[in-house]
Amino acid sequence: MAQPPPTARSVEQLREAAASCQACDLWVEATQTVFGEGSEHSRMMLVGEQPGDQEDLQGKPFVGPAGRLLERALDEAGIDRRRVYITNAVKHFRFTRRGKRRLHEKPNAGQIRACRPWLDGEIEAVRPRIIVLLGATAAQAVMGPAFRVSKQRGEVLNSPVGLPVVATVHPSSILRAADNESREAAMSSFIADLRVAAKHA
Ligand code: URA
């Protein structure tokens with residue numbers, strides 16, 4: 001079973017080791033491990049939930065529709081995507097098949113726990129000034145199961161990983177907004193949360 005080697009110090013070493021991870025069952029159906037991306041010198045780290053369909057196929061985090069929305073929000077918050085480290089709490093795509101489509105399914109607690117050593121390794125290697133937790137899965141993976149994004153979003157908080165965090169919504173929740181008006185409001189709040197994090201980076 002692949003685990004971060006005790007000597008792993010760089011993202012590159014972690015990425016190589018994670019490519020053969022079988023610590024939970026998700027590797028069986030997924031195309032590949034989707035590891036984090038970005039400079040090890042990044043001052044900001046973004047943590048999402050898990051790769052989606054496009055990410056699974058391309059092997060990179062946040063390259064599908066949620067990634068495009070995230071990039072737009074980062075841009076509006078004055079954050080250059082190329083200067084942040086982007087990763088996920090879980091590094092394999094979990095889905096159910098519906099005909100030819102692969103529908104996203106939330107990772108369960110065991111899968112999040114199994115993947116945790118990789119996230120810890122990335123945090124240790126990058127040591128960002130601020131970690132942005134995108135959505136409940138990432139927030140609870142780092143802050144614990146009682147954490148509620150709705151109650152504590154957009155604040156700089158101390159975290160159990162020893163670095164400050166800002167929790168906010170997942171970009172795909174904005175894509176799912178019922179109408180234009182609520183989508184715009186959700187986007188504005190998301191950008192405001194990212195600005196809080198940017199000030200701390
Ligand atoms: N959603 C995530 O949480 N992560 C990705 O990489 C893509 C979509």
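Predicted model: local features only at pLDDT ≥ 70, side-chain atom pairs only at ≥ 80, totals over all residues.
**Stop 1**

Start with the strands. Five of them form an open sheet in the order β2-β1-β5-β7-β6, and the pairing is mixed. Now select residues 84-88, which are β2, and residues 156-157, which are β6. These two strands stand at the edges. Each has a single partner strand, so one side of each lacks a neighbour in the sheet.

**Stop 2: strand β1**

Select residues 44-48, strand β1. Which strands flank β1 in the sheet order? They are β2 and β5. β1 and β2 run parallel and are joined by five bridges. On the other flank, β1 pairs with β5, residues 130-134, also in the parallel sense, over four bridges.

Pick M44 to see both pairings. Its bridge partner in β2 is V84. Its bridge partner in β5 is I130. Further along, V47 stands opposite L133 in β5.

Next, show the side directions. M44, L46 and G48 point one way from β1, while M45 and V47 point the other way. Are these residues buried or exposed? All are buried. β1 is thus mostly covered, with five of its five residues buried.

**Stop 3**

Select residues 135-143, helix α5.

Within α5, zoom in on T137. Its relative accessibility is 8%, so T137 counts as buried. Display the side chain of E49 as well: a polar contact of 3.0 Å joins it to the side chain of T137. Beyond neighbours within four places in sequence, T137 is in contact with E49, K106, P107 and I112.

**Stop 4: helix α8**

Select residues 180-200, helix α8. Check its length first. At 1.5 Å a residue, its 21 residues should span 30 Å. The end C-alpha atoms are 31 Å apart, which agrees.

Colour M187, F190, I191, D193, L194 and A197, which are buried. They cover an arc of only 160 degrees around the axis, which puts them on the same side of α8. What do they pack against? The partners are β1, α3 (65-76), β5, β7 and α7 (171-175).

Turn to the face pointing away from the buried side. There you find the exposed residues E181, E184 and K199. Then go to the start of α8. A side-chain oxygen of D179 reaches to within 3.2 Å of the backbone nitrogen of E181.

**Stop 5**

Select A77, in the loop between α3 and β2. At 11% relative accessibility, A77 counts as buried. Setting aside residues up to four places away in sequence, A77 touches I191, L194 and R195. I191 and L194 are among the buried residues of α8 from the previous stop.

**Stop 6: helix α1**

Select residues 11-18, helix α1. V11, L14, A17 and A18 are buried here.

**Stop 7: I123 in α4**

Stay with α4 and pick I123. How buried is it? At 4% relative accessibility, I123 counts as buried. Show its contacts: leaving out residues up to four places away in sequence, I123 touches M45, P128, I131, V161 and L163. M45 takes you back to β1, where M45 and V47 point the same way.

Finish with one more distance. I123 and P145 are 22 residues apart along the chain, and their C-alpha atoms are separated by 20 Å.

Key:
Residues numbered from 1 in each chain as written. Heavy atoms only, no water. Pairing = 2+ DSSP bridges. Contact = heavy atoms within 4.5 Å. Axes fitted to C-alpha atoms, helices over the stretch in contact; angles between N-to-C directions. Expected span 1.5 Å × (residues − 1). Buried < 20%, exposed > 50% of the residue type's maximum accessible area, 1.4 Å probe, protein only. Arc of directions from axis to C-beta. Polar contact = N/O pair within 3.5 Å; in protein donor to acceptor, adjacent residues only side chain to side chain.
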